[in-house]
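Hi everyone, thanks for coming. Let me put the model up on the screen, and then we can walk through it together.

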Amino acid sequence: MAFQPTPADISVVITTPGTGSSAEPRFLTERRVTPTWTVMQLKTKLETMTGVPPSCQRLRLRSPGRPDQWVEDDNSIIGDWGLMRGCEIEVHDYRPQASRPNFTDLSSVEKYVLPTSTYEALSNSVLAWKKNQKLGRFDPNAARPEEAMRSQALKDIGEVGQRGIVVNNRAIVLPSSPPHVRRGTIRYVGPVPTIPFPGVDLDLVDSADFPVWVGIELDEPLGKNDGSVGGKRYFVCPNKTGVFVKPEKVEVGDFPPLGLDDLEAEMEEI
């Protein structure tokens, strides 16, 4: 009996088509395929990657320099279809849309929520460790949240005066180092009651004790908002150019907007 060499596996790209008008595949991976597999054997293996049952698969074979072709006969050998290195097998799902599982929609997934009383009774939780170490609110010498907020407000006011933080001054957000320098114009200095303070109900506290925040309109869209937080507006700027930072994170100075030449110079430093 003549020796029959084992056929070498072929590296093939496996994809699934994108949805709607998107040309990008929803799934893409590279796997080795044995040319002597039947089409049904291949479909069985593809199910573990794509989640599509073999009976609902239709395979499109794309080979370099050849027209695309549909692989129709499940009993045929996949190597007979011209399988070669650089091929792509696109797996189409022929199930109705309503019959396909939706693994991205979590709205219908029941979520377990640990009751507060159960969590507080645990002996190996972070809360139990804090109690044993007398940290945070369990420290008998710790200041009350209201007192801590009042101290923070006094510190913020001192930083504002010391750093020369005034509306319309130019500034950068610290820490900053090229090429990641966020620079902009100060648009707001004052309390932001829609930013919570741990342990304090700001609706029940004198506004004079609120911490101070600095609102900056950045030159580039590197921020988080449009000058509003929690549904309340404090200044106006384009979306993603507004940011609120603590006064100690602000450095005031002569920081003109970056021009094209400046951007090119910074890119050279990367």
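Let's start with a question: over the ring of which residue does the charged end of K246 sit? That ring belongs to W213, and the charged end of K246 is 4.5 Å from its centre. A charge counts as over a ring here if NZ of Lys or CZ of Arg is within 6 Å of the ring centre and within 35 degrees of the ring normal. R58 does something of this kind too, lying over the face of W70 at 4.0 Å from the ring centre.

A word on the ground rules. This is a predicted model, where local features need pLDDT of at least 70, side-chain atom pairs count only at pLDDT 80 or more, and totals for chains, interfaces and linings use all residues. Residues are numbered from 1 along each chain as its sequence is written, and side-chain values use heavy atoms, with hydrogens and water left out.

How confident is the predictor? On pLDDT, its confidence in each residue from 0 to 100, the protein chain has a mean of 87, and 89% of its residues reach 70 or more. Confidence is highest in strand 8 (residues 212-218), at 97, and lowest in helix 5 (residues 260-268), at a mean of 51. Helices (H or I, at least four residues) and strands (E, at least two) are DSSP runs, numbered from the N terminus.

Now the aromatics. There are three aromatic pairs in the structure, meaning rings of Phe, Tyr and Trp (its six-membered ring) with centres within 6.5 Å; planes under 30 degrees apart count as stacked, over 60 as edge-to-face and the rest as tilted. Y234 and F244 have ring centres 5.7 Å apart and planes at 75°, so this pair is edge-to-face. Because Y234 lies in the loop between strand 10 (232-233) and strand 11 (242-245), and F244 in strand 11, the pair ties together parts that are 10 residues apart in sequence. F244 also pairs with F235, tilted, at 5.5 Å centre to centre and 50° between the planes. Both F235 and F244 are buried, that is, under 20% relative accessible area with a 1.4 Å probe, protein chains only (exposed is over 50%, partly exposed in between). Y234 is buried as well.

Finally, the open sheet: five strands in the order 2-1-5-3-4, with mixed pairing. Two strands pair if DSSP finds at least two bridges between them. Strand 2 (27-33) and strand 4 (69-71) each have a single partner strand, so one side of each is left without a neighbour in the sheet.

Technical notes: pLDDT is the predictor's confidence in each residue, from 0 to 100.
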